[in-house]
Amino acid sequence: MTILNLSTLLKKDSYILVLMMFTVPLASELKFYPLNETFRISFGAPTFFFSLLLLRKMPTVLPGFLTGMAVVGFRILLDSIMQGNFDWAFSFQTHFPSFFYYFTYACLFYVAKMNRFQDRTFIIALIGLVIEILSDFAELIMQYLILKTTITLAGLIEIIIIAFSHSFIVLSFFNMMKLYEAQSKERQVRKRNEHMMMLISNLYEESIHLKKTLRDTENITKKSYDLYKNLNCSENEQIDFSVEDLRRQALKIAGEVHEVKKDNQRIFAGLSKLISDEGPADYMGIHELVNIIVRANEKYARLLEKEIQFVYTIEGTHLHYHVYTILSIINNIVVNAVEVIEDRGTITIFISKEQDAIEFLISDNGPGVAPKHKDLIFKPGFTSKYNHDGNPSTGIGLSYVKEMVEQLEGEVTFQNRPGEKGAIFMIRLPVKHLIEG
């Protein structure tokens, strides 16, 4: 982003430079002669000063050199048009000292680092006054050396007075520009704030629906697990209920899932309208996917009042992967790591691609997995997590991950970090099941 902004500013400065090389020579012809018939005071000076103030990244020495040459060339061109018996050498000798005015002006402007004072217009006017006087002296000295012109005290005083007037003109235009920019920004900020208020209002409505779906989903998860246990008991012939009871349970779960689906459709429609008219992509680059996972879990960690740092590394050349498959699997592991870390910690995600498979290594510095639980963590219903009220988690997450990975012909394993606290989950998935087509 920084490189893009720098490129934009340099491009803008290039336009200003081209404009300076046309406008300053033209403005310099609106002139009068306070000292002699060769030394001129014109509107080229305030135009040049104002243009230099607009530059952001380009060093002002180059614009000063090019503009000085353009002014000299333009004046020689006018002499060739206006004079019948034109002498190139005499015209160049007459106008060449003007080059030193603009070049000296630009060099002093650069040395003074005027861009530091963009918000301090009085200092800009004061420094501009000094720079113009010194630049006028530079031109006078060159005229004295080349043309042997005389310099009078009255003329010097008049130069100082004119420099004051030029600074006043530039300061007036600069303040008008700053005022316009401030008003424009104020309008933009007001419009953005109105838009944000509308978004917040709409998001608040969607959050109410989302809170309801979260509660409904939790109830459905518990009922689904109860149904799983009942079916498991039926296999062991420990039956104290009828098949009709199982049917009613399954039908009730299906009805509640349908209700959640309708709520989610309403939420999705509302959010899609707020964000964009286009739907989200089904396939996405791995960097974007990991950013989504990290940002979501950073918010989740803050919600749980935990300080968790996320570090990720991606190696290899990756294609676009199926968004929902990757999010369903990896996000479950990362969320689990967020929940097991006590107050603060680090979660590391390492992703690599080897031949036809993509591998995820997700590690944390939480408490790890007790040896007695190693054979149980992928079993449905197993959990070591409890909420503030002492109620256990559903224990569905890791078993769901294992089932999804196996359906994709992959593998998932884990181990405690050697010599350290925490666990490492390794997931390996064939790329052919994750890419489009």
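Does F100 count as buried, partly exposed or exposed, and at what relative accessibility? In this predicted model, F100 counts as partly exposed, because its relative accessibility is 22% and buried would require under 20%.

## Aromatic pairs around F99

The aromatic pairs in the model come to a count of twelve. One of them joins F65 and F99, whose ring centres are 5.5 Å apart and whose planes stand at 90°, so this pair is edge-to-face. F65 belongs to helix α3 (residues 61–82) and F99 to helix α4 (residues 88–112), which means that the pair ties together parts lying 34 residues apart in sequence.

## A lysine over a tyrosine ring

A contact of another kind involves K113 and Y110: K113 lies over the face of the Y110 ring, at 5.7 Å from the ring centre.

## The five-stranded sheet

Five strands form an open sheet with mixed pairing, and their order is β4-β6-β7-β9-β8. The edges are taken by β4 (307–314) and β8 (411–416), each of which has a single partner strand, so one side of each is left without a neighbour in the sheet. From one strand to the next, the twist averages 15°.

Strands of a sheet pair through backbone hydrogen bonds, in either the parallel or the antiparallel sense. In this sheet, strand β6 (residues 344–354) and strand β7 (residues 357–364) pair in the antiparallel sense over eight bridges. Within this part of the sheet, T348 stands opposite S363 in β7.

## Helices against the sheet

Helix α8 (residues 286–303) packs on the sheet, where it touches β4, β6 and β7, and its direction makes about 170° with that of β4. Helix α9 (residues 323–340) lies across β4, β6, β7 and β9 (423–430), and runs at about 15° to β7.

Note on methods: Residues are numbered from 1 along each chain as its sequence is written. This is a predicted model: local features need pLDDT of at least 70, side-chain atom pairs count only at pLDDT 80 or more; totals for chains, interfaces and linings use all residues. Side-chain values use heavy atoms; hydrogens and water are left out. Rings of Phe, Tyr and Trp (its six-membered ring) pair if their centres lie within 6.5 Å; planes under 30 degrees apart count as stacked, over 60 as edge-to-face and the rest as tilted. Helices (H or I, at least four residues) and strands (E, at least two) are DSSP runs, numbered from the N terminus. Buried means under 20% relative accessible area, exposed over 50%, partly exposed in between (1.4 Å probe, protein chains only). A charge sits over a ring if NZ of Lys or CZ of Arg is within 6 Å of the ring centre and within 35 degrees of the ring normal. Two strands pair if DSSP finds at least two bridges between them. Axes are lines fitted to C-alpha atoms, for helices over the stretch in contact, and angles run from 0 to 180 degrees between N-to-C directions. Contact means heavy atoms within 4.5 Å.
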